[in-house]
Amino acid sequence: MRLDWAIAAIVALFSLAEEIGGRTGEPERADPWLWIGLALASAVLVAFRRRAPFTTLAIYTLVGGPAIPLSKETLGAWQLYVELLLLFTLMAEVPLRDRRTPAGLALALGFIGLIVFTDTGPVGPGDIAIALVMATVAGGAGLAVQRYRVVAAQAQERGALLAREAVNEERNRIARELHDIVAHSVSVMVMQSGAVRRRLEEEQAREREALTVVEEAGRAAVHELRRMLGVLRSGPEAAAKAPQPGLARLEELVEQVRVAGLDVKLDVRGEPAPLSAGLELSAYRIIQEALTNTLKHAGPTRVAVTVTHRHRELSLEIADEGPTPGHATPERHGLGHGLIGMRERVALFDGRLDAHPRPGGGFIVRATLPA
């Protein structure tokens, strides 16, 4: 709205300057205050043109149009420019299929035609051609703006859809991995309970009964996990039975990306404390995804991976130095699928993630996970 009023102020200044001091060599107005009032009223219409594109154009045309052939005085250039601005706004704001669009276009062309054919001088083909070109440019520019908005909205919608799909895909992947971890842990608990139950004495009937209940509940939990979360397994991952990776396998990961071209320096600080399997898996995946992003967006470059064990906290930092000279790679824009996955894994443990370009070049990812 501020921009609309700023444009209206410019129109008012331009029209007043022409009416008051810019009509050199032409006879003075019979009633200059009338034209000054019309100029100010036109500026007000310009201020509200985007709120009511067709209404403002119709009011300006139907009020100013009949005055053109009746007026014995030369019209100001500002009147034509205001009409062109209102035509631009109509084509930019109102859809082509709206019936107001052809009506407003007809009004604008009629107004411009009146200005051309009621001019005090002779009208030639050049005058008509110039008027048509100006109307075409104004209407075409408005139409281009409307089309750009539609394309931008569609692109934003597609981007939001892709982001939601990436989030859902990553959540499914996390669910599959945690399913394996939880199912394995519960299975171990069931086996341990069974082992203890079999070692009980005959007189420990209550203890035996309690452990039997634990075993049955554990087996039911494993069955339910497989029934509810097992459906998430599909494609090649359905056959994946390898143990889920953890921080103990970071050296293997570093060796793999070194073969791919990254110069990785791994630094583990602090005294490693026992972590849950899900937390170790998420930390491993975050580092893996960050290194994959570096290889994808920066190519062969140097990367520093720092894993810091603190009291009840695990910190990860992956910082690269950016593309090496002569190696052109696409820039990182916004939230790619990799960063979406990292955020989902960090949010799973109520942690924090910070990922942004480094001032001196390169990219840095910092993740803090409560242990």
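Me: In β5, which residue is the bridge partner of Ile318? And how do you know that β3 and β5 pair?

Reply: The partner is Val365. Two strands pair if DSSP finds at least two bridges between them; β3 and β5 are joined by 7 and run antiparallel, so they qualify. Strands here are DSSP runs (E, at least two residues), helices likewise (H or I, at least four), numbered from the N terminus. Bear in mind that this is a predicted model: local features need pLDDT of at least 70 and side-chain atom pairs count only at pLDDT 80 or more, whereas totals for chains, interfaces and linings use all residues. Residues are numbered from 1 along each chain as its sequence is written, and side-chain values use heavy atoms, with hydrogens and water left out.

Me: What makes β1 and β4 the edge strands?

Reply: The open sheet has 5 strands, ordered β1-β2-β3-β5-β4, with mixed pairing. β1 (263-269) and β4 (352-357) each pair on one side only. The twist averages 10° from one strand to the next, taking axes as lines fitted to C-alpha atoms (for helices, over the stretch in contact) and angles from 0 to 180 degrees between N-to-C directions. Helix α8 (250-260) packs on the sheet, touching β1 and β2, with its direction at about 165° to that of β1. Helix α9 (277-297) packs on the sheet too, touching β1, β2, β3 and β5, at about 10° to the direction of β3.

Me: Why is β3 called mostly covered?

Reply: Of its 8 residues, 6 are buried, where buried means under 20% relative accessible area, exposed over 50%, and partly exposed in between (1.4 Å probe, protein chains only).

Me: What makes a set of residues a nonpolar core, and which residues have the most contacts inside the largest?

Reply: A core is a set of buried Ala, Val, Leu, Ile, Met, Phe, Trp, Tyr and Cys residues joined through side-chain atoms within 4.5 Å. The largest has 30 residues, and Val264, Ile287, Leu291, Val305, Leu316 and Ile318 have the most contacts inside it. Among the elements supplying at least two residues each are α8, β2 and β5, while α9 gives the most, with 7. A second, separate core of 25 residues includes Ala39 and Leu84.

Me: Why is the pair of Trp5 and Phe48 called what it is?

Reply: Rings of Phe, Tyr and Trp (its six-membered ring) pair if their centres lie within 6.5 Å, and planes under 30 degrees apart count as stacked, over 60 as edge-to-face and the rest as tilted. The count is 2 aromatic pairs. With centres 5.5 Å apart and planes at 80°, Trp5 and Phe48 are therefore edge-to-face. They sit 43 residues apart, Trp5 in α1 and Phe48 in the loop between α2 and α3. At 41%, Trp5 falls in the partly exposed band, and so does Phe48 at 31%.

Me: And what makes the aromatic pair of Tyr60 and Phe111 tilted?

Reply: Their planes are 45° apart, with 5.4 Å centre to centre. Tyr60 lies in α3 and Phe111 in α5, 51 residues apart. Tyr60, at 7%, counts as buried, and Phe111, at 1%, does too.

Note on methods. Contact = heavy atoms within 4.5 Å.
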